[in-house]
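Dear colleague,

Please find the structure below, handed over for your records.

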Amino acid sequence: MSESQFPSDSPTAPGAPGNGFPPVRSSFADDPDMAELIEYFVDEVPQRLESLLALCESGDREGVQRLAHQLKGACAGYGFEEIGLAASHVEAPLKGEASLDDVQEQIDELAELLRRVVN
């Protein structure tokens, strides 16, 4: 996978908030008891996105599957169900015989959602 397949993390990236794509917020955003946890999760998103892109670039299929599995589990607890669903669409085929190329569209969707996460 070439780096050009993934837009940059810059604010002008196609999936970045402010470019016509809606931001992705936690379904718990209005719960003051969850504010600190959501902030923690949101602060970790750039590293998770960077890891996803690096794993894809290096062709680490198992690493992508593992990261998708972690995101799937974490996202529900933090109220980011849309990202969790996208992560499951990456993880499930990789549990079988699918290659990274086979799930490229799902990886791109997951990466775009991660770029749009806001607190």
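The buried residues of helix 2 pack against helix 1, helix 3 (81-95) and helix 4. Those buried residues are Gly63, Val64, Gln65, Leu67, Ala68, Leu71, Ala74, Cys75 and Tyr78; buried means under 20% relative accessible area, exposed over 50%, and partly exposed in between, with a 1.4 Å probe and protein chains only. Helices (H or I, at least four residues) and strands (E, at least two) are DSSP runs, numbered from the N terminus.

This is a predicted model, in which local features need pLDDT of at least 70 and side-chain atom pairs count only at pLDDT 80 or more, while totals for chains, interfaces and linings use all residues. Residues are numbered from 1 along each chain as its sequence is written, and side-chain values use heavy atoms, with hydrogens and water left out.

Overall, the protein has 4 helices and 0 strands, in the order α-α-α-α along the sequence. Of its 119 residues, 39% count as buried. Among contacts (heavy atoms within 4.5 Å) between residues at least 6 apart in sequence, 70% join residues at least 24 apart.

Just after helix 2, Gly79 adopts a positive phi of about 85°. Gly77 lies in helix 2 and is partly exposed, with a relative accessible area of 45%. Leaving aside neighbours within four places in sequence, Gly77 is in contact with Phe28 and Met34.

Axes are lines fitted to C-alpha atoms, for helices over the stretch in contact, and angles run from 0 to 180 degrees between N-to-C directions.

Helix 1 and helix 2 pack at about 165°, with axes 11 Å apart. Helix 1 is therefore roughly antiparallel to helix 2, where angles under 35 degrees count as roughly parallel, over 145 as roughly antiparallel, 65 to 115 as roughly perpendicular and the rest as oblique. Their crossing is left-handed, that is, the near helix is turned anticlockwise from the far one by less than a right angle (right-handed if clockwise). By class, this contact of helix 1 with helix 2 has 13 nonpolar, 3 polar and 1 charged residues. Here Ala, Val, Leu, Ile, Met, Phe, Trp, Tyr, Cys and Pro count as nonpolar, Asp, Glu, Lys and Arg as charged, and the others, Gly among them, as polar.

Helix 2 and helix 3 pack at about 150°, with their axes 8 Å apart, and helix 2 passes helix 3 in a left-handed crossing. The residues of this contact of helix 2 with helix 3 comprise 10 nonpolar, 4 polar and 5 charged.

Helix 1 (residues 35-58) and helix 4 (residues 104-115) pack at about 155°, with axes 9 Å apart. These two helices, helix 1 and helix 4, are therefore roughly antiparallel. Val45, Leu49, Leu52, Leu53 and Cys56 of helix 1 make the contact with Ile107, Leu110, Ala111, Leu114 and Arg115 of helix 4. Those residues divide into 9 nonpolar, no polar and 1 charged.
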